[in-house]
Amino acid sequence: MNAIADNLRFVRKKIMQAALANGRDPSQIKLVAVSKGKTEADVEAAIAAGQLVFGENRVQEAKAKFANLRAANPALELHLIGPLQTNKADDAVRLFDVIQTLDRPSLAEALAKAIKKTGRVPRLYIEVNSGSEPQKAGVAPEDFGSFLDFCRDACGLAVNGVMCIPPQAGDPTPHFLRLKTLAEQYGLAHISMGMSADFETAIRCGATEVRVGSAIFGER
Ligand SMILES: *Cc1c(COP(=O)(O)O)cnc(C)c1O
């Protein structure tokens, strides 16, 4: 038994329990294993334990780590969960199946161009700055509708979901509920929220994807 396989089993069980306790179907909640800062061997251990969906926060790190893993495991699904610079849009679109951090007009334009150029169409989630924290990435909740319109109408992008990272301190519940409400209001199916410390709360609030790193791979 290795620790990563044990941790994965534990997290999956917690996800299942949180789903059932809230009248939700556990199969409707996707576990994104966040492997940032961890090695290719760590990811391999997770794959051996049946995990195929991974999240990374840097394009270059993910590109290096997953080059061989991708080739060996065609079913892998890779999510970008960190900030994306416009000059890395092409690389990101080539590498990732989901980009969770669409957060500004210049990036929407760069992604539209990259999609046209590469012919690859990752799913896109809008990152919401649910706590309206000045230093944090993401669209303010009150600007969500106009930004979504811009992505769709001006850039021709299909937007598939939302994600948020609540403020470090305090109860994340109101932030999770705000994100869930936005997703419902605008008919977006994918709701990415909840990390190691709060994924069960996020599931109670309606998460369809949880992003769990340290509870699977250990502290970074
Ligand atoms: C690092 C990270 C996670 C995972 O955090 P843990 O606390 O290790 O589970 C989730 N989402 C984002 C955006 C992250 O950067």
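A polar contact is here a pair of N or O atoms within 3.5 Å, and the legends below apply this cut-off to a predicted model.

View 1. Lys36 places a polar side-chain atom 2.7 Å from an oxygen atom of the ligand, and in the side chain of Arg220 an N or O atom is 2.9 Å from a ligand oxygen atom. Of the 390 Å² of accessible area that the ligand has on its own, the protein covers 88%.

**View 2. The shell of residues around the ligand.** The ligand is surrounded by Val34, Lys36, Ile81, Ile165, Met195 and Ser196, together with Arg211, Val212, Gly213, Ser214 and Arg220. Sorted by class, this shell comprises five nonpolar residues, three polar residues and three charged residues.

**View 3. The largest pocket, which is the space taken by the ligand.** The largest pocket holds about 650 Å³ of space and has a lining of 25 residues, among which Lys36, Ile165, Gln168, Met195 and Arg211 lie nearest its centre. By class, 11 residues of this lining are nonpolar, eight are polar and six are charged.

Notes
Residues numbered from 1 in each chain as written. Predicted model: local features only at pLDDT ≥ 70, side-chain atom pairs only at ≥ 80, totals over all residues. Heavy atoms only, no water. Near = heavy atom within 4 Å. Polar contact = N/O pair within 3.5 Å; in protein donor to acceptor, adjacent residues only side chain to side chain. Areas by Shrake-Rupley, 256 points an atom, 1.4 Å probe, with all protein chains shown as cover. 1 Å grid on protein atoms, 1.4 Å probe; cavity = no way out; pocket = protein on both sides within 12 Å on 5 of 7 lines; lining within 4 Å. Sits in = over half its atoms within 2 Å of the grid points. Nonpolar A, V, L, I, M, F, W, Y, C, P; charged D, E, K, R; others polar. Points joined across faces, edges and corners; volume = space filled by probe spheres on them.
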